[in-house]
Amino acid sequence: MSRGYWQVHPRIPDELLSQLSGELKRTIPPIIAQLLYNRGMVTAEDIDLFMKADERLLNDPSLLPDVDEAVSRTDKAIGSGEQIAIYGDFDADGITSTALLYQGLKFLGANVGTYIPRRSEEGYGLNNAAMLRLSKQGVGLVITTDCGVSAVSEVAEANRIGLDVIVTDHHNVPPEMPPAVAVVDPKRGDSRYPFSELAGVGVAYKFLHALFLSHGGDGHLESYLDLVALGTVADMVSLLGENRYLVKRGVEVLHNTERVGIIDLAKCAGIPISGADTETISWVLAPRLNAPGRLDHAGIGFRLLSTDSPEEAGRLAATLERKNTERQRLTETLTAKAKEQIVDGARDSYLVMVGGKDFHSGVIGVVAGRLAEEFYRPVVVFERGDKWTRGSSRSIPDVSIVDALSQCSDLLYRFGGHPMAAGFTVATERLEELRERLTAIVSEQLASVDIRPRISIDAEVRLADMSGSMFRMIQRLAPFGSANPPPVFLARNVIVDDYRCVGNNGDHLKLKVYDGRAKWDAIAFRMGNRVNELAACIDVVFNLQIDEWRGRTALQLNVVDFAPAA
């Protein structure tokens, strides 16, 4: 049976189609107009801006909250030679942010170093022991990136020991902000910045832009956009609005990057950096950048992004490749172990919560994501310690997991994140109390919800309407990612001409399909176990993709779901 229920977007109103005139009418066929309408583009100006994704999407960095104070304090430190520390997070967004600010401040002549906490020992965000170490090393100013907006007590303690702190972050702002020199976060309630969905690296980039302007120009700024593209795509923030320009232009910069570490990272992964796109970042580069922070120390990834030495770049890229392989093996092992805990009764629960002492904190988020996708439930996976337990959660669109955790804040030592992904630390003795509270909160929210994955379909089409030229037109909507996913189509009454199971253990389905006018090759990944659901005629949900095999390139259907034709 189908894995989810299909929701086809409403058809674009005829009056909107009729408003397309001149060049737009000649260059945008109805299917592309439908795709744009689905993404909120309804006027000629909207469409032009979306398709061109040019500098008009950029916003004035001076509109960011507290950015003037942040620039003034940083300029003072640069001018006096005061020691600055960039305090980053250990994921791809955090290390690209750290590398960007480190290199940008170096270019401006700053005396600057970095600090990235060790996930397994220090956890996420600022901690008092790290701040004390930085103070003893002579640091006078700490600039956070991709973290800090929730660190009220930690910033207060930093102030007490003589450290000034500038927070640059993109996470939701709690009711009480930290007592920092500046809190630069576009999600602040008093923010005048017109776009709130920047990644951590996006906020760092805009702050650096403001710094460059205070020094008389920004001509060097675009060279950092490869880092912005990597971190923004890796953090799965919306790729509409300003992020659309930052990623589109950033991918162009990435194709010609002079960063030897990125070039060698792609080489180790077996891909040319000149052909990288958002899918390459999501599935190839970002997991490798994240791997050392999960298993060892994210400083390895930071050094890879910052080094000018080809020899060091080669060594570090090879290390990241090994760490990623190790991360994959550990993820498979712990996913299987987690499934063993999900007994039949638990499969019917509105919340899946599993873990134990041997669950490595570095991969519990990845395991939670796997389980959330398979069971379509909010999932919490935890590493139980003797005193403290660290958890990572992934959710579904119907439940904001960070809001659910906020309702349990009295039980938690710390927590933070996004509606779809969040983490927390709780005293182990309160873990079961947390489980009961979270289960009750999630159950109440989902009690009246059809808990099946919703498959959003852009348009119903005929296979004969799909072609290489149509694919090229669809690619003009790139970069694809969160809030701008690759378009998904539905074709009905498609004849299954041939099929076979392929891959290890027959995991995938390879199909030949026909609609009476056009024949297509199709691949249905991880659907080998659904071969018995095939019928002579099916309705198929798909997107278009390029299949490259042994030097041959062809367009094929990537099957998202299927069902016997009605």
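This is a predicted model: local features need pLDDT of at least 70, side-chain atom pairs count only at pLDDT 80 or more; totals for chains, interfaces and linings use all residues.
Which residue in E15 is the bridge partner of Asp498?

**View 1. Strands E14 and E15 are paired in the antiparallel sense.** Strand E14 covers residues 489-502 and strand E15 covers residues 508-514, and seven bridges connect the two. Within this pairing, the partner of Asp498 is Lys512 in E15. The hairpin of E14 and E15 has five residues between the strands, and in this hairpin Gly503 takes a positive phi near 85°.

**View 2. Strand E15 also pairs with strand E16, and a lysine lies over a tyrosine ring here.** E15 and E16 (residues 519-524) run antiparallel and are joined by six bridges. The hairpin that they form has four residues between the strands, and Gly516 in the turn has a positive phi of about 95°. Tyr514 stands opposite Lys519 in E16, and Lys519 lies over the face of Tyr514, at 5.5 Å from the ring centre.

**View 3. Tyr87 and Tyr115 form a tilted aromatic pair.** A search of the whole structure finds six aromatic pairs, and in this one the ring centres are 5.2 Å apart, with 35° between the planes. The pair links distant parts of the chain, since Tyr87 belongs to strand E2 (residues 83-87) and Tyr115 to strand E3 (residues 111-115), 28 residues apart. Both Tyr87 and Tyr115 are buried.

**View 4. Tyr102 and Phe302 form an edge-to-face pair.** The centres of the two rings are 5.5 Å apart, and the pair counts as edge-to-face because its planes stand at 80°, which is over the limit of 60 degrees.

**View 5. The largest cavity has a nonpolar lining.** A search of the whole structure finds one cavity of 30 Å³ or more, and about 70 Å³ of space lies in the largest cavity. Its lining consists of Ile12, Leu16, Leu17, Leu20, Ala33, Met41, Val42 and Ile47, which divide into eight nonpolar residues, no polar and no charged.

Definitions and conventions
Residues are numbered from 1 along each chain as its sequence is written. Side-chain values use heavy atoms; hydrogens and water are left out. Rings of Phe, Tyr and Trp (its six-membered ring) pair if their centres lie within 6.5 Å; planes under 30 degrees apart count as stacked, over 60 as edge-to-face and the rest as tilted. Buried means under 20% relative accessible area, exposed over 50%, partly exposed in between (1.4 Å probe, protein chains only). A charge sits over a ring if NZ of Lys or CZ of Arg is within 6 Å of the ring centre and within 35 degrees of the ring normal. On a 1 Å grid over the protein atoms alone, a cavity is a set of points where a 1.4 Å probe fits but cannot get out, and a pocket is an open set with protein on both sides within 12 Å along at least five of seven lines; lining residues have an atom within 4 Å of a point. Grid points are joined across faces, edges and corners, and a volume is the space filled by probe spheres set on the points. Ala, Val, Leu, Ile, Met, Phe, Trp, Tyr, Cys and Pro count as nonpolar, Asp, Glu, Lys and Arg as charged, and the others, Gly among them, as polar. Two strands pair if DSSP finds at least two bridges between them.
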